[in-house]
Amino acid sequence: MTTLKSKLQEDLTAAIRGRDELRSSTLRLTLTAITKEEVAGKEARELSDDEVQKVIAREAKKRREAAEAFADGGRAEQAAKEKAEGEVLAEYLPKQLSDDELRTIVAQAVEDAKAAGAEGPRAMGQVMKIVNPKVAGLAEGGRVAAVVKELLAG
């Protein structure tokens with residue numbers, strides 16, 4: 001069993017013993033998503049820590065989007081619950097890049113793309129190819145794309 005998955009299960013056990021409803025329900029849902037991913041496809045397999053991290057990131061993103069939707073719909077209590085679940089999941093993810101760090105990485109990639117002859121908004125694909133491996137798991141795709149567009153336009 002992967003170390004991240006076993007840590008999730010240990011934390012779930014601790015949350016159940018501590019009667020922490022929010023944490024235990026969040027971890028249960030996440031472990032279910034991991035198991036679902038493991039049995040998807042032609043044959044069951046064990047997920048690596050990186051794959052487990054991607055599942056956790058996907059679950060955290062769902063919580064953020066749901067929190068926004070509930071907030072826009074005027075359901076503050078539900079939005080707060082989703083946001084709290086997202087914060088529980090964030091503990092298991094690597095620290096996200098700050099805006100300044102992300103901007104520095106993207107600026108370097110834009111320079112590399114310009115050196116290769118790509119300029120303007122059409123260089124977006126080339127810049128994203130350079131940036132994505134560097135920021136995988138450290139910044140959300142939408143944030144990266146926004147910074148890339150901004151720097152290419154500027």
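Trainee: At what angle do helix 5 and helix 7 pack, and how far apart are their axes?

Mentor: Helix 5 and helix 7 (residues 141–153) pack at about 55 degrees, with axes 10 Å apart. The model is predicted: local features need pLDDT of at least 70, side-chain atom pairs count only at pLDDT 80 or more, and totals for chains, interfaces and linings use all residues. Residues are numbered from 1 along each chain as its sequence is written, and side-chain values use heavy atoms, with hydrogens and water left out.

Trainee: How are the axes, angles and helices defined?

Mentor: Axes are lines fitted to C-alpha atoms, for helices over the stretch in contact, and angles run from 0 to 180 degrees between N-to-C directions. Helices are DSSP runs of H or I with at least four residues, strands are runs of E with at least two, and both are numbered from the N terminus.

Trainee: What is the orientation of helix 5 and helix 7 to each other?

Mentor: Helix 5 and helix 7 are oblique to each other. Angles under 35 degrees count as roughly parallel, over 145 as roughly antiparallel, 65 to 115 as roughly perpendicular, and the rest as oblique.

Trainee: Which residues of helix 5 and helix 7 meet?

Mentor: From helix 5 they are D99, L102, R103, V106, A107 and V110, and from helix 7 R143, V144, V147, V148, E150, L151 and L152. Contact means heavy atoms within 4.5 Å. The contact residues divide into 9 nonpolar, no polar and 4 charged. Ala, Val, Leu, Ile, Met, Phe, Trp, Tyr, Cys and Pro count as nonpolar, Asp, Glu, Lys and Arg as charged, and the others, Gly among them, as polar.

Trainee: Which residues touch the most other members of the largest nonpolar core?

Mentor: L102, V127, V144 and V148 do, in a core of 18 residues. Helix 5, helix 6 and helix 7 are the elements that give two or more residues to this core. A nonpolar core is a set of buried Ala, Val, Leu, Ile, Met, Phe, Trp, Tyr and Cys residues joined through side-chain atoms within 4.5 Å. Another core, of 15 residues, lies apart from it and includes L4, L8, L27 and Y92.

Trainee: Changing topic, how do helix 3 and helix 4 pack?

Mentor: Helix 3 (residues 49–72) and helix 4 (residues 76–90) pack at about 160 degrees, with axes 8 Å apart. That makes helix 3 roughly antiparallel to helix 4. Helix 3 passes helix 4 in a left-handed crossing.

Trainee: E59 is in helix 3. Buried or exposed?

Mentor: E59 counts as buried, at 7% relative accessibility. Leaving aside neighbours within four places in sequence, E59 is in contact with A33 and L89.

Trainee: Last one: what is phi of R19?

Mentor: Phi of R19 is near 55 degrees, a positive value in a residue other than glycine. Most residues other than glycine have a negative phi. R19 lies in the loop between helix 1 (3–17) and helix 2 (21–39), and R19 counts as exposed at 72% relative accessibility.

Definitions and conventions: A crossing is left-handed if the near helix is turned anticlockwise from the far one by less than a right angle, and right-handed if clockwise. Buried means under 20% relative accessible area, exposed over 50%, partly exposed in between (1.4 Å probe, protein chains only).
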